[in-house]
Amino acid sequence: LQLAPGAFKKNVDEIVALLLKHGADVKAVNASGESAFFLAVDHARSAETITTLANAGADTSLADKSGTTPLMLAAGDDPDLVLALSASGVEVDKPNREGLTALQVAAGQGSPAVIAALVQRGAKVDQLSANDLSPLMLAVKMNNKANVEALLEAGASVNLSNKAGYTAIG
C-alpha cells in the first residue's frame, strides 16, 4: 500500500502510541527495508510521532534498501521535520550508500530553509560526497541560485577543490 506523504497525519500520534503500548516492534522493517521510523518520516511527517518512535528505541538513521535515510526524505522539502529529526538523535552528516549526506541532498533538491536547518544542527558545509562533490558544487551543478546563496551564507568555501582539482566555479 503506497500512500501520499502526510496521508496518516490525522490521529497518527495517538495510533503510534497505542501500538507501542501494545508491544509493536519499532525495529521491524518491511520488504523494502523501511522501518516504522522511516515510514513515519515519509508519510506521517509528525515531530511527535518521530520523537515517540525514537524514544521507543527506533533506529533513527536506518536507510531503506535504496540507501535513503529518514533525514534525506526530510531534506528535500521540510525544514521543521529536519529540526525534529536532528533533535531525536539522527546523525546529520551520515552518508547514505551513495555517499551523499542530507545537506548534499538538500543542496540539489531542497530549499534554503532546509539548508539553514541542517547547518543549524551542525551539518558540514564543505564535506565532499563519495562522487567528489561538495553541497555547493551540487547546488551549482543543479543551477539552484537560492541554494547556492544559502550555502555561501552558511560559510561554504567557494575555493574548496575536489580530487580532480575542480571548485564550485569549475
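Modeller: Let us start with L62. Contact means heavy atoms within 4.5 Å. Not counting residues up to four places away in sequence, L62 touches V29, S35, F38, T68 and P70. L62 sits in the loop between α3 and α4.

Biologist: What should I know about the model itself?

Modeller: It is a predicted model, where local features need pLDDT of at least 70, side-chain atom pairs count only at pLDDT 80 or more, and totals for chains, interfaces and linings use all residues. Residues are numbered from 1 along each chain as its sequence is written, and side-chain values use heavy atoms, with hydrogens and water left out.

Biologist: Why does L62 count as partly exposed?

Modeller: Buried means under 20% relative accessible area, exposed means over 50%, and partly exposed lies in between (1.4 Å probe, protein chains only). L62 has 30% relative accessibility, so it counts as partly exposed.

Biologist: Why does T69 count as buried?

Modeller: T69 is also in the loop between α3 and α4. Its relative accessibility is 7%, so T69 counts as buried. Leaving aside neighbours within four places in sequence, T69 is in contact with F38, S61, A63 and N96.

Biologist: What makes a stretch a helix, and how many helices are there in the chain?

Modeller: Helices are DSSP runs of H or I with at least four residues; strands are runs of E with at least two. Both are numbered from the N terminus. The chain has nine helices and zero strands.

Biologist: Why is helix α2 called largely enclosed by the rest of the structure?

Modeller: Helix α2 covers residues 36-44, and seven of its nine residues are buried, so it is largely enclosed. The buried ones are F37, F38, A40, V41, D42, H43 and A44. They pack against α1 (12-21), α3 (47-55), α4 (70-75) and α5 (79-87). After α2 comes R45, with a positive phi near 55°.

Biologist: Which residues of α5 are buried?

Modeller: In α5 they are L81, V82, A84, L85 and S86. The buried residues of α5 pack against α2, α3, α4 and α7 (112-120). Just after α5, G89 takes a positive phi of about 105°.

Biologist: What makes a group of residues a nonpolar core?

Modeller: A nonpolar core is a set of buried Ala, Val, Leu, Ile, Met, Phe, Trp, Tyr and Cys residues joined through side-chain atoms within 4.5 Å. The largest one here has 43 residues. F37, L85, L118 and L151 have the most contacts inside it. Leaving aside neighbours within four places in sequence, L151 is in contact with L103, A107, I115, P135, L136, A139 and A156.

Biologist: How do you know that the radius of gyration agrees with a compact globule?

Modeller: The radius is taken over C-alpha atoms, and the globule rule is 2.2 Å times the number of residues to the power 0.38. For 170 residues, a compact globule would be near 15 Å; the chain has 17 Å, which agrees. Along its principal axes, the C-alpha trace spans about 55 × 25 × 25 Å.

Biologist: How much of the chain is buried?

Modeller: Buried residues make up 46% of the 170 residues. Among contacts between residues at least 6 apart in sequence, 67% join residues at least 24 apart.
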